[in-house]
Amino acid sequence: MVTLTIDNQSITVPKGTTVLDAAEKLGIVVPHFCYHEALGAVGACRLCAVYIETEQSKGVQMSCLVEAAEGMVVNTLEPTAVELRQHVIEWLMTNHPHDCPVCDEGGECQLQDMTIAGGQSIRRYRGKKRTYSNQELGPFIEQEMNRCIQCYRCVRTYRDYFGGTDFGVMGSRNRVFFGRFEPGRLESPFSGNLADVCPTGVFTDKTYRFKSRYWDLQEAESICPHCSLGCATIPGGRYRELQRVRSGTSKEVNGHFICDRGRFGYGYVNHPDRLRVPRINGEECDRHEALAAINDKIEKLGGEAVGFLGSSRTALETNAMIKSWAEQSGSKSVCFECHPQRDNAARSWVALRGDRGRSLADIRRSDFILLLGSDPLNEAPMLAAAIRQAESSGSQVAVIDARPVKLPFKAAHLVVRPEKLSTIIRALKSGAFDNFERHEQLFFEGVLKSIKKAERPILVGGGDLLQAEGVAALCELMAQLPEAGGDFVHLSGPNSYGAAMLSGAAPDFETILDDIITGKIRALVCVESDPFADYPDRKRLQEALSKLEFLVVADYINGPAAAKADIFLPTAAPAESAGTYINCEGRMQRFKPVLKPGEPLRITGDGGHPPRRFSHETPGDQPRSAAEFIANLVGQPVTINDLRQQIAADDDRFSGLDQPEQGMLCRANGELPTTVNREDVPGKGDDLLHLLPVADLFGSGPLLSYCSALDAVRSAPCVVLSESDAASIGVANGENVSLQTAEGKLAVEVRIDAKALPGLVLIPQTGADAFLPGGVMIPCSIRKNGARDE
């Protein structure tokens, strides 16, 4: 620790802290542009000048580049430093168009703030300004290059931090241009962060363009609902419409950034087809009438004849209320994940994780990372960003997977059959590789050498591909790592971990379906869960649920289950309610409501403004939080804080849930699922192809299909083939073929990958919703269009 004085205020900071950071901790504003906490300093803007009065670096210095030293005395108001900052601001503003009234950045523009902070208020330059032609950069980012001040934040974020390759800096002197070599969609799945890091209005959110001013938005801290990482976000809304999502800050999780899926995947909240009024047998009704009908029916059937189904996208408080409701009704049939393999994987991770589970912040500091059955860019994008930070700092990365995993950094990659992953992990634990091919043996030996050499190795697993058996094997291997090492397993939903904690020894959804088929269960209550969309065996599901006498669905998306429900209750979306998700690290993270439920004014006003009708009622205000609905059903109205206190009191694993501190870790403890083995691959004949459904960045998950902003970047249905399989079938890259399985036929496009395994066909979920990741492989055949069936 070192102690220094800035503007007559003393502060003690860790060694290595810059003078700029120390000043910010004191609340002293030193104008700056190029510096960003996640990117570090390059001294490009020359604006953060201060005067150092002691011998250490005495004179005018750039505060972002000078480390604080013991006894250092800094003066930010010294006339020479102040004058330099004024000149720099004037130079930077020489070519700026001064178009603040029409700039989307207005009100949250660092250029506006720092210009005033730098003491510049009068423009003296009257000559011609430098101008540019803007580029078309795709559906997410709008460019206005004339506003650029050459701080280099954009290229350092896009290329250096995230590893993008299609965006950079071109030109020289005062003609520097930031963009692509030619117009086109930005390819990085993190491109939206340009809107956050740009201190001016050069790069702005195109989906939010000209909608609202910053000061008009309702904003609140929230958590991304699209994967299990739990990235911090700040949604913003106006006129009952969620209009944008920007990155929040969570140093242990996502740092300062989010992926494009989390940033632009919010359309489900505003979807025009969203059901906002309770229904009985398809007819709209009052919510009190619907609640009374549910209670009457459950009372007649008896609680033991009712199954209850939550989900991994449901808040912890709601799932806890579902469990309480089931217990009060006398039912033991309660489950929080309708995908059995995902459920078992999550329960295994909770039970076996122990106290050596690692965070994304730990991954960023790791010196060796082994990915096992994990495809970060498609399953958990900010995990890829974290691993890139480690790799950029010298960490080695190895990947063992069934997919030709694409990554924004260098990594050793071994492609294996998915059913071999558990065997490989156990072989790495024992060191016995005799049953593997020579190239595999060499790869495994290199992995073990890297693990033994590393000080902070981390094993990263994907729950979908590893499943319960692989997760258990990974935890066993982790026990052999150095004390500073650990493991990290990403799951499917934002609250998969919390749902698994609540499950305990409760039956999985397969057991509930068995009981429905035998008539033991006659009614099913689905709370923010849609088994028609999320259960992998559609035929078995249809057979079972067709025997139900009564189906209740409470949800904020209009999925297949909502159309089949006897009673439907509209629930509030995460942006409209408060709750808690527990991410895959076991971190309890609260989200707050941004908007009250209601149909967007853009829809009710037919695009016009202001509305021409006035009423005491808000159109579409019927949705309530699912926890509130259940509390009313059981006759125990409670607040969200009451629920948190009750959960923490009933189960000490959730200790701290009711405390104000955000992101506390819950105790890792759970019960193993009764079945952990991977099912055998059906039909293992040499002449058969096996179809493996895999996650897709913009097409996987229950919410993304309701987000119209992502339509422009969603790919058409496709299959990934090996070169040998493509040659034997006689198809070329990009050719349309017919995929045939027991589920039926699907027209898909062929994509040939040199790293794909022969005999294994990969199908991303986009446009192929019948094929869910996380399940077993499916026998399939592929025929050229026009070919006859044999």
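Mentor: What follows is a short tour of some helices, ring pairs, a sheet and the domains.

Trainee: What kind of model is it, and how are residues numbered?
Mentor: It is a predicted model, where local features need pLDDT of at least 70, side-chain atom pairs count only at pLDDT 80 or more, and totals for chains, interfaces and linings use all residues. Residues are numbered from 1 along each chain as its sequence is written, and side-chain values use heavy atoms, with hydrogens and water left out.

Trainee: Start with H4. How many of its residues are buried?
Mentor: Seven of the nine residues in helix H4 (residues 153-161) are buried. Buried means under 20% relative accessible area, exposed over 50%, and partly exposed in between, with a 1.4 Å probe and protein chains only. Helices (H or I, at least four residues) and strands (E, at least two) are DSSP runs, numbered from the N terminus.

Trainee: Which ones are buried in H4?
Mentor: Arg 153, Cys 154, Val 155, Arg 156, Thr 157, Tyr 158 and Tyr 161. Just after H4, Gly 163 has a positive phi of about 80°.

Trainee: New topic. Where is Arg 261?
Mentor: Arg 261 is in helix H6 (residues 260-264). Arg 261 is buried, with a relative accessible area of 3%.

Trainee: What is Arg 261 in contact with?
Mentor: Contact means heavy atoms within 4.5 Å. Leaving aside neighbours within four places in sequence, the contacts of Arg 261 include His 226, Cys 227, Asn 378, Asp 696 and Leu 704. The side chain of Arg 261 also reaches the backbone oxygen of Glu 379 at 3.3 Å.

Trainee: And the aromatics? How many pairs?
Mentor: The count comes to 17 aromatic pairs. Rings of Phe, Tyr and Trp (its six-membered ring) pair if their centres lie within 6.5 Å; planes under 30 degrees apart count as stacked, over 60 as edge-to-face and the rest as tilted.

Trainee: Why is the pair of Phe 140 and Phe 264 stacked?
Mentor: Their ring centres are 4.1 Å apart and their planes are at 10°, so the pair is stacked. Phe 140 lies in the loop between helix H3 (110-117) and strand E6 (141-143) and Phe 264 in helix H6, so the pair ties together parts 124 residues apart in sequence. Phe 140 and Phe 264 are both buried.

Trainee: What about Phe 167 and Phe 203?
Mentor: That aromatic pair is edge-to-face, with 5.6 Å centre to centre and 65° between the planes. Phe 167 is in the loop between H4 and strand E7 (168-170), and Phe 203 is in strand E9 (residues 203-205), 36 residues apart. Phe 167 and Phe 203 are both buried.

Trainee: Which residues form a ring cluster?
Mentor: Tyr 161, Phe 162, Phe 190 and Phe 257 are linked into a cluster by ring pairs.

Trainee: Now sheets. What is the order in the one with E26?
Mentor: The order is E26-E27-E28, in an open sheet of three strands with antiparallel pairing. Strand E26 (579-582) and strand E28 (664-665) are the edge strands, each pairing on one side only. Two strands pair if DSSP finds at least two bridges between them. E26 and strand E27 (residues 587-591) pair over four bridges.

Trainee: Last one. What are the domains?
Mentor: The assignment gives domain 1 (2-93), domain 2 (304-335 + 506-593 + 619-665), domain 3 (345-491) and domain 4 (689-784). These bounds come from an automatic or database domain assignment. The centres of domain 1 and domain 4, taken over C-alpha atoms, are separated by 54 Å.

Methods: Polar contact = N/O pair within 3.5 Å; in protein donor to acceptor, adjacent residues only side chain to side chain.
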